[in-house]
Number of protein chains: 2
Amino acid sequence: MSAWMAYLTASHLLERRIEEQLKADSGLTHAQYEILAKLSAAPGRRMRMTELARSAVVSKSGLTYQIGRLEKRGLVARVACPSDERGVLAVLTDRGMSCLEKTAPGHVAVVRAFLIDQLTPEELAGMTRIMSKAAAVMASPYGDDPTGMTGTRGTRGTTNTTGMTSTAGTGVAGV
Amino acid sequence: MSAWMAYLTASHLLERRIEEQLKADSGLTHAQYEILAKLSAAPGRRMRMTELARSAVVSKSGLTYQIGRLEKRGLVARVACPSDERGVLAVLTDRGMSCLEKTAPGHVAVVRAFLIDQLTPEELAGMTRIMSKAAAVMASPYGDDPTGMTGTRGTRGTTNTTGMTSTAGTGVAGV
DNA sequence: TATGGGTTGTTCGAATTTGAACTACCGGCT
DNA sequence: AGCCGGTAGTTCAAATTCGAACAACCCATA
């Protein structure tokens, strides 16, 4: 549990560094950066609000706010969803993309310098495996027993609601 | 960097779970819990505002706010610092302590279930080492080169400003 | 002992975040 | 066609965070 203590302070400090660097370097919030990154990696550089929210792990209202902000800066645009009248697609604009590309290097540098580079190859692999598993477990909407005696497994399938024929590749991956 | 992606979502999800459990279980915020935990582990269950802020990794103003909140609930008390006229000591009250003891088990359960228990002993050890090192690096006030070609080392010494002769032991450790 | 740079904690305003309430739309069934 | 439980996004109020500005205090030095 000294592990937990360490994790806590490290994550907080890292978040600070990231926020600092990002803000100074491009006026973006870490939350905003994550949103842009997710969009850049999505087919057609667009995503339904709800899925984007789930993907970035923010509340729906939080996303609405942030998208509004990004829209005002011209980095993202809102488009009506063709397949669903109520739906809204957040689309990464060209300006948004170039902003992301311009910002990514510095951001990556921070993450690497303070976290990734501290790991040996094995540790990195372990970390990936661990965090992925943890994320998978916590991703299930509910019914998880914190005491840990349930044993869920669930996988989720996604449907193409974007009306795109899969463009884009890896985008400016989260990093 | 899939490591970073995984880390990001996992940490966000974990934070949510923690917040949820904590709020439902005792009306505390994770930030508040961390503050109480830090205090419980401090000699005399008290700490100077600034050090507490640094320890919990929150801004000074943030701590002031949170301590005010906790004080209003009677979990913490503000005491004038004997050795420094401007200083303020945040003291964990008995009610605060029992609240913490009452809350800790559930909190620990969540952290373990979703993160710790996912790790093998070696991974746990690795995680501890890594996060500790990262935290140490990022803790230095400034002058750190994200590109990583400086090589600082610095250690910090603390002075006993609490006017206590070292009571308390491990407290309800951060867990 | 007066001075000046540095520290301490609080206050203030601005930015974010979240959950609840709400409106509009989707789809299966009758 | 009409109904109904459910979903999508937005709006709203409340809570929290941070940084800058402040007033009070510490202390090494002239």
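## Salt bridges between the chains

Between chain A and chain B there are 2 salt bridges, counted in a model that is predicted. In one salt bridge the side chain of A:Glu123 meets the side chain of B:Arg129, with a distance of 2.3 Å from N to O. The rule for polar contacts, applied across the interface of chain A and chain B, finds 4 residue pairs, with both residues of each pair at pLDDT 80 or more.

## The side of chain A that touches chain B

Five elements of chain A, namely helix H1 (2–26), helix H2 (30–41), helix H3 (49–56), helix H5 (94–114) and helix H6 (121–139), each supply at least two residues to the side that touches chain B. Of these, H1(A) gives the most, with 17 residues. When the residues on this side of chain A are divided by kind, 35 are nonpolar, 14 are polar and 9 are charged.

## Extent of the contact

The contact takes 58 residues from chain A and 57 residues from chain B. About 5,300 Å² is buried between the two chains, and carbon and sulfur atoms give 71% of that area.

## A buried lysine in chain B

B:Lys38 lies in helix H2 of chain B, which covers residues 30–41. Although B:Lys38 is buried, it has no salt bridge.

Leaving aside residues up to four places away in sequence, B:Lys38 touches A:Met5 and A:Thr9 of chain A, together with B:Met47, B:Leu52, B:Ser55 and B:Ala56 of chain B.

Methods:
Residues are numbered from 1 along each chain as its sequence is written. Chains are lettered from A and ligands numbered from 1 in the order in which they are written. This is a predicted model: local features need pLDDT of at least 70, side-chain atom pairs count only at pLDDT 80 or more; totals for chains, interfaces and linings use all residues. Side-chain values use heavy atoms; hydrogens and water are left out. Contact means heavy atoms within 4.5 Å. Buried area is the accessible area (1.4 Å probe) that two parts lose on being put together, summed over both. A salt bridge is a side-chain nitrogen of Lys or Arg within 4 Å of a carboxyl oxygen of Asp or Glu. A polar contact is a pair of N or O atoms within 3.5 Å; within protein, one must be able to donate a hydrogen and the other to accept it, and residues adjacent in sequence count only if both atoms are side-chain atoms. Helices (H or I, at least four residues) and strands (E, at least two) are DSSP runs, numbered from the N terminus. Ala, Val, Leu, Ile, Met, Phe, Trp, Tyr, Cys and Pro count as nonpolar, Asp, Glu, Lys and Arg as charged, and the others, Gly among them, as polar. Buried means under 20% relative accessible area, exposed over 50%, partly exposed in between (1.4 Å probe, protein chains only). Lys and Arg count as positive and Asp and Glu as negative; His and the chain ends are not counted.
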